[in-house]
Amino acid sequence: MGKKAAKSTRKFAASGQLKKTIQARRKFRDIKKKAEKRKGGKGKDKEVREDDEGSEDDEGDVDETSGKFKGMSVDDFLGGGFMQGASDDEGSESGEEAMSEDEEDEEGSEYADDNESFADVDKLEDEGEAHLMELSKLAEKDPEFYKYLQENDRELLEFSLNDAKVADDDEEDEEAMEEDKTPVLTKEILQGWQKALLDHRSLKALRKMLIAFRSAAHMNEEDQVLAWRVDSASVYSKLVTTALRYTPVVLEHHCPYRTLPSGKFKAPTQTKKWKTLQKLVLSYFHNVLHLMSQISDNDMLRLAFSETAKLVPYVMSSRKTVKAYLKTCLSYWSSAEDSVRISAFLSVRRLAGATDESVLDLVLKNTYLTLVRSCKSTSAHTLPSINLMKNSASELYCADHAASYQHAFGYIRQLAIHLRNSMKTKTKEAYKQVYNWQYVHCVDFWALVIARACDKQTLIERGGQESELKALIYPLVQVALGAARLIRNARSFPFHLHIVRSILHLTRHTHTYVPLAPYLLPVLTSTLSASSKPKPSTLRPLDFETHIRAPQQYLKTRVYNEGLAEESAFLLAEYLASPPVQGSIGFPEIVVPVVLLLRKAIKGAKSAQGKLAKAKEAGVTKALVDRIEESGRWVEQKRKGVLFAPGKMGEVERWEDSLKVEDSPLARYVKVQRKAREKRRKLVEKAREGEDEILED
């Protein structure tokens, strides 16, 4: 009998590491054999031969080899197949090296398997009759996709077995072409792929089609090795449309993703098939983004956005791809035609539906920054698109109130910092940090977001739970009104009106009382001031929606004075007719100071410069005062039968909720004024577009 095994040897065997090492070496040997077969090599590696010999020796007698353990290397030891002993320290180190080599070789074989996986995953067989059966069932399974085929691929639906044979022959001829000549993609080849995708959801056909799609996306570029040449414009268009339409359908069939009850989605599970497809999908996605940068057709862009949005769950694993896609979507959202903007926004919203919170934060941040950059300058032509962006972005921010709160808090604080710096420095440059279009649109955007989040309808949808964004009403109002107080002169009045309009929208939807009368009355009474007489002018009326600062030539002119009076009177009427004010049981008392101040201003305007000097401004103001007093009497009439005291807040709230504010005289006056202003706005737009329209006063 040989010598007894060393203590370290026995310890190594007892720990189970010896068995694992042997299994790893055998696995390494099998991988080597497969690799040699792929390469067509006749010989085998020296290590493989040694392993073979070692594996044969595994059946050897333990007693015969146990005496040779001292000084034995790990290769010799493992070759002996001894299962109860162990090597010394040096041997264990060699074993670790062998295992690391095995892991590296496994990774290499994984990539090698990826290249051949499409042929193994799915095969095209029984194409003829099975295809016809699949077409007959498609109308029931997927009516939307069948309708698309009827409109765009009629020839595919009118398929016959003879056509299939011809297409197969053509495809074989194309594959048999010389290697140095790039094959030409024909309609028949494309139809063969379509048929395979439709019948079997074939991954092999999908791979071929996406390779051809890559060639189409990069066909006009130098230094690109292309697998196909597309000579026909109709084939090019058909290939792009087919790739966009069919790819989501095939992926959904093989690797479905999960949609949660909240509307969010989870990426597909890491199956073997998905690992095989992942790189192909990412490559295709980048090719689509590259192609979109070259497309000018709006219909094709809309199709690209709608179909790539379906692939978003499949690319969430690549942060680089997500960022590139978001950047492309936001670029079109901020600059394209309206229908393309909406399609791009829907894709952005799809990205925001990911369960990964970091992706949602990325979407919210970049959406806001894109909006701010886009509204740096505002004109009559850009204002509609900016409003579209604000409304759509506010919808995005209301999808997740908790996540939006962090962003809203930070950006409102940023506005407050700009305001504080302007109030401290008091220089022309410091004032420009506040008195600009970006500041106005930011205040308006956050007013839209909070109004939408705290609306009564949203409260019902959330089951009565208040929004986290409600806490930001007070800081936003403070920032906005602080900006309105910063400069108080006639040139800055348009800026004040923009700020008041935003806060008015906020109060109307959140039912929060904000004292806006002190910011509107100075503007209205300045037009009735007895100290100055407006001078006549041939200037056109100033559009207050597209100006935040009145041009110098408009100051002290009749046209500017009358415009200010109309705009401020209308906003004051809207404010007093809003539910937080008109719906209050104390409305008659609230409007007393307003009525007294306006009556005094009207009286001063008539006596100072003559009756006709400011007749229009005085007439607008007097009509407003009459409606305010009439509404005060209307509320007094409604509260005559009240039996509770003012201290009973529960009873007061119930009474205010039951009051129909829209039936008040002031609300009816505002409704008529709004219709007249809308009619005039449409006439102005038609005149701006060059149509022959007469603008009536």
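In which helix does His496 lie? The residue belongs to helix α26, which covers residues 493-510; helices here are DSSP runs (H or I, at least four residues), numbered from the N terminus. The model is predicted, so local features need pLDDT of at least 70 and side-chain atom pairs count only at pLDDT 80 or more, while totals for chains, interfaces and linings use all residues. Residues are numbered from 1 along each chain as its sequence is written, and side-chain values use heavy atoms, with hydrogens and water left out.

His496 is buried, at a relative accessible area of 6% (buried means under 20%, with a 1.4 Å probe and protein chains only). Beyond its neighbours within four places in sequence, His496 has contacts (heavy atoms within 4.5 Å) with Tyr435, Ala484, Ile487 and Arg488.

Helix α26 also turns up at the second largest pocket, where it gives the largest share of the lining, three residues. A pocket is an open set of points on a 1 Å grid over the protein atoms alone where a 1.4 Å probe fits, with protein on both sides within 12 Å along at least five of seven lines; lining residues have an atom within 4 Å of a point. The volume of this pocket is about 660 Å³, taken as the space filled by probe spheres set on the points, which are joined across faces, edges and corners. Of its 25 lining residues, Lys456, His509, Thr510, His511 and Asp657 are the closest to the centre. At least two lining residues each come from α24 (456-461), α26, α29 (579-582) and α33 (649-658).

Notes: Buried < 20%, exposed > 50% of the residue type's maximum accessible area, 1.4 Å probe, protein only.
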